[in-house]
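Thanks for coming, everyone. Let me put the model up, and then we go through how its chains meet.

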There are 2 protein chains.
Amino acid sequence: MYDIIEVAKQAKETTITLANATTEEKNDALELIASELIKQQAFIVKENKLDIESAKEKRMNDSIIDRLRLDEQRINDMSTALKQLVELEDPIGTVADDWERPNGLKIKQVVVPIGVIGIIYEARPNVTVDAASLCLKTGNAVLLRGSSSAIHSNKAIVKVIQSALEKSSLPVNAVQLIEDTSRETAEKMFRLNDYLDVLIPRGSKNLIDTVVSKSSVPVLETGAGNCHLFIDETADPDMSIEIAINAKTQRPSVCNAIETIVVHSKWLEEYGDQLINALYDHDVAMRADDKVVEMRKEIPLATEEDWHTEYLDKIVAIKTVNNVEEAITHINHYGTKHSEAILSENNDHIVSFMNQVDAACVYHNASTRFTDGFEFGFGAEIGISTQKLHARGPMGLKALTSTKYRLYGDGQIK
Amino acid sequence: MYDIIEVAKQAKETTITLANATTEEKNDALELIASELIKQQAFIVKENKLDIESAKEKRMNDSIIDRLRLDEQRINDMSTALKQLVELEDPIGTVADDWERPNGLKIKQVVVPIGVIGIIYEARPNVTVDAASLCLKTGNAVLLRGSSSAIHSNKAIVKVIQSALEKSSLPVNAVQLIEDTSRETAEKMFRLNDYLDVLIPRGSKNLIDTVVSKSSVPVLETGAGNCHLFIDETADPDMSIEIAINAKTQRPSVCNAIETIVVHSKWLEEYGDQLINALYDHDVAMRADDKVVEMRKEIPLATEEDWHTEYLDKIVAIKTVNNVEEAITHINHYGTKHSEAILSENNDHIVSFMNQVDAACVYHNASTRFTDGFEFGFGAEIGISTQKLHARGPMGLKALTSTKYRLYGDGQIK
């Protein structure tokens, strides 16, 4: 039987060395991985083919097979991303806070790695390199648990990473793959509190919900995005249509794309036709409430289900409201606390919306598509947190760190 | 059947109002609670007597009964603590970070409340006021789940708090008691992910372990403290003995008291007798490894169990090591990542210890008894976190906050 505890123990044993590795040592290791990926490209592509073939045999859909595929270009991209990561500032060892107590005790809050991070993800082998490298940069050990459909690719990539680590001064066991992708082993992973400091699920809502409900290891929830665009009465019509089209169609499959347009009834009366025509021009299917349907009989009536749905496709729901309060109520009820936008020129409405909508990111007069670690300027992203503890919104390197208090005295007693 | 979901819903409904309450409104509410507690002292004491009587009938031990007891003095103390809380700075609304992207998008990271906080605690009715007031100060709603043995006291206190809230501009349902203390209701509380943003268990290791293993709601783990004092070869003998006595005996029942003294064999040879005599003088019982027992035959040999035990009593284990590395290894193996101290004049050893010991607080030349929100100068404490996510070490008001990104654009699309 696969011994996940042994693997986790080996990860934990590397944490002191990793926590004390210098920025230079960590960057050297990342550079070595970057060049090893290029050197062993043929091997990775060969192993990846096994996964692709088996996916085709299982008649998986084309978009899944495309995400699974690794070719020279994609491996080059991974390697380039590693080099960009080298350039980023290392948060470890920085002093977050520093003060002295009246009794002379000096307190320093220092940024330290979290320890061992578990990543559970689906059939995207690029996550293997991505997650491993972000963890290494922040001095964390990582246990990777990918999907069975990418097992050959993941094994190949981790082998390449470990061969690079062997040449580096970082421990080889800092990056390990859970090779057994059975449900039993996953369930054991959820109970590894003695060895694992955090679990990060990356993938579908289903995967995330399973991890959240079953894991006793603390979870960093990277959630689904049922995002809304609220077009207020005073919203500029051209800007509104441009942002609606961008937020819906620029990349419909991602979590920061919008799923529902909430529109003020007065704006709808005046510019609704223009908006709907523009959506048609961009091949967007619509579901809408009766007010919209009255105007455009060809649009099907939205059901309760629609307001909850993250389509991740060229489909949008349209909901009419009579004021900003109704918009806020709808969004707080159906939203997933990810990204929500108001387009408005009314300052009171903007303030109400920005204060009262409960989401990781609230926007005024901009597309929700900017909820992303790179767009925020973090230079890296481990996911977008929709929970409120530890990190909220796009998570860069800092989200992979903890702190530790160092107290310096000269004999203080209480 | 008790409808905990209804109670949780009512709590959630207050969150927008609470999040937008001004500091003045929140402080006014705290002042009102402070004076209402004094006005209704007789009522609280009367209800508390019911709990005390029932505890006596159940032959609970004296220290539990003492913790349960509320008298005029203790209610006065609660009221005073509330007034001190009013004086503390309100973290809500402060800007944690603020920058502009090349495309002109302005990003503001603002400190916001977490939302609804659940507190699960044992027979200490003072926690009811304490937890509720810290949550209110930070604009959070709170669901309090105390123990059945304090139910009359808790009901009385929450009634008093709510009568004060009625006179304030904060919603009454911001503070609610889960009146059903059954296990079934607790289990439901662990699954309230739709309404509850975080659960904080306060009490025994047993309680905390249950919450951690069963809750799908994120948990802020306030853990046990198996704390160590390492006396290195070069440690000043007088300072070492003074700190050892303070860290063990000043208040043995708390989590930041030490449980094991790890001592360098050379220091032991020279000053061991002095240390052991001092411990005897303070009525401390000892368990030790063979090296110490060889020296003082009357001390019983420590078992493996002893190194793991948080005695919370006037008992200490003594472990001999030959160098700082052995000390670090022992502490990282048996410690609970709470508070660990080194007494040493050797700079290399100090640096190794401070860097390599994995704990929320690491001390040089000071007693571990300072791991405490008040001693840190936070002015309040909701507990001491021994986990690495969100907050680590003593948690003040800031630990009860989250952040939210506000993005301001003028039509930005991706």
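**The A–B interface**

Ground rules next. This is a predicted model, where local features need pLDDT of at least 70 and side-chain atom pairs count only at pLDDT 80 or more, while totals for chains, interfaces and linings use all residues. Residues are numbered from 1 along each chain as its sequence is written, chains are lettered from A and ligands numbered from 1 in the order in which they are written, and side-chain values use heavy atoms, with hydrogens and water left out.

Now symmetry. In general, two copies of a chain are related by a rotation about an axis and a shift along it.

How many residues of chain A are in contact with chain B? The count is 69, and they touch 69 residues of chain B. Contact means heavy atoms within 4.5 Å. Between them the chains bury about 5800 Å², 54% of it on carbon and sulfur atoms. Buried area is accessible area (1.4 Å probe) lost on putting two parts together, summed over both. In chain A, Leu389(A), Tyr405(A) and Lys414(A) lose the most area to chain B, together 14% of what that side buries.

The interface has 4 salt bridges, each a side-chain nitrogen of Lys or Arg within 4 Å of a carboxyl oxygen of Asp or Glu. Lys414(B) makes a salt bridge with Glu375(A), closest N and O atoms 3.7 Å apart.

Last, the strands. Strands are DSSP runs of E, at least two residues, and helices are runs of H or I, at least four, numbered from the N terminus. Strand 15 of chain A pairs with strand 12 (residues 361-366) of chain B, parallel, over 5 bridges. Pairing takes at least two DSSP bridges between the strands. Tyr408(A) has His364(B) as its bridge partner in strand 12 of chain B.

Asp209(A) and Lys205(A) meet in a salt bridge, 3.0 Å from N to O. They sit 4 residues apart in helix 10 of chain A, so about one helical turn separates them.
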